[in-house]
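This briefing is intended for reading alongside the sequence and the coordinates.

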Amino acid sequence: MRENKSLYALLGILMFGPHTGYDIKQRIEQRLSHFWHESYGQIYPNLKRLVELGWATLTDELVSGRSRKIYTITKLGQIKFHEWMNQPLSPPSPEKNEMLLRLYFGQNQSIEENRQLIRNYREQMEEIRSVFHTIQNQLGVAEGEPAYGRMTLGFGMHVVEAITNWCLEQEIYLEKFNHGQ
């Protein structure tokens, strides 16, 4: 049976302190989205599971007349989190990349259509790079942001840079191929 890594992602966020499900989703989107995604449809059932397992507690808190459900990691949750952190890594999941899938079948398109596909992908990567630079600037001023957050962002920035460079190389290759060189 495949281990649910989402549970550990949520525990990791709870290691920073108590959070609502909404707070967790915001943190994932703002700090982890370049390498990890969780939808509300994953977050809330997994938070419920953490409570059932005794790895987190749930308390209702009244804030400005509204009830908020606050999740807090338990001692057992901390133990389980540390056990997971010290396990050997699982092999990386194969990436599903629609652009590469389309490019693989590129013989069914014109060279110019394939160049445009790569160009569009490069432009998407350049937009992501811009978002990463914004996050990097925010991390520079955010007090208490762990160095490990900067490391994971740096990984994302390097990956985007490598993909951007690959796209440029392929655009040049297809241009030469188009001219019979």
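**Briefing on the predicted model**

Tryptophan 84 is partly exposed, its relative accessible area being 24%. The model in which this residue is described is a predicted one.

**Aromatic pairs**

- Five aromatic pairs are present in the structure.
- The ring centres of phenylalanine 81 and tryptophan 84 are 5.9 Å apart and the ring planes stand at 45°, so this pair is classed as tilted.
- Phenylalanine 81 has a relative accessibility of 10% and therefore counts as buried, the limit being under 20%.
- Tyr8, Trp55, Phe81 and Trp84 are joined by ring pairs into a cluster.
- Tyrosine 104 and phenylalanine 105 form an edge-to-face pair, because their planes lie at 85°, with the ring centres 5.2 Å apart.
- Tyrosine 104 is exposed at 65% relative accessible area, whereas phenylalanine 105, at 43%, is partly exposed.

**Packing of α1 against α4**

- Helix α4 spans residues 75–85, and its axis comes within 10 Å of that of α1, the two crossing at roughly 120°.
- The crossing of α1 with α4 is left-handed.
- On the α1 side the contact involves Lys5, Tyr8, Leu11 and Gly12, and on the α4 side Gly77, Lys80, Phe81 and Trp84.
- By residue class, this contact comprises four nonpolar, two polar and two charged residues.

**Nonpolar cores**

- The largest nonpolar core has 17 residues, of which Leu10, Leu11, Leu14, Ile24, Ile28, Leu47 and Leu50 touch the most other members.
- Two or more residues of this core come from each of α1 (5–14), α2 (21–32), α3 (40–53) and β2 (66–73).
- The greatest contribution to this core is made by α1, which supplies six residues.
- Leaving aside residues up to four places away in sequence, leucine 14 touches His19, Ile24, Leu50, Ala56, Tyr71, Thr72 and Ile73.
- In soluble globular proteins, nonpolar side chains tend to be buried together.

- Glutamate 171 belongs to helix α7, which covers residues 147–178.
- With a relative accessible area of 8%, glutamate 171 is buried.
- Residues up to four places away in sequence excluded, the contacts of glutamate 171 are Arg115, Ile118, Arg119 and Arg122.

Terms used: Residues are numbered from 1 along each chain as its sequence is written. This is a predicted model: local features need pLDDT of at least 70, side-chain atom pairs count only at pLDDT 80 or more; totals for chains, interfaces and linings use all residues. Side-chain values use heavy atoms; hydrogens and water are left out. A nonpolar core is a set of buried Ala, Val, Leu, Ile, Met, Phe, Trp, Tyr and Cys residues joined through side-chain atoms within 4.5 Å. Buried means under 20% relative accessible area, exposed over 50%, partly exposed in between (1.4 Å probe, protein chains only). Helices (H or I, at least four residues) and strands (E, at least two) are DSSP runs, numbered from the N terminus. Contact means heavy atoms within 4.5 Å. Axes are lines fitted to C-alpha atoms, for helices over the stretch in contact, and angles run from 0 to 180 degrees between N-to-C directions. A crossing is left-handed if the near helix is turned anticlockwise from the far one by less than a right angle, and right-handed if clockwise. Ala, Val, Leu, Ile, Met, Phe, Trp, Tyr, Cys and Pro count as nonpolar, Asp, Glu, Lys and Arg as charged, and the others, Gly among them, as polar. Rings of Phe, Tyr and Trp (its six-membered ring) pair if their centres lie within 6.5 Å; planes under 30 degrees apart count as stacked, over 60 as edge-to-face and the rest as tilted.
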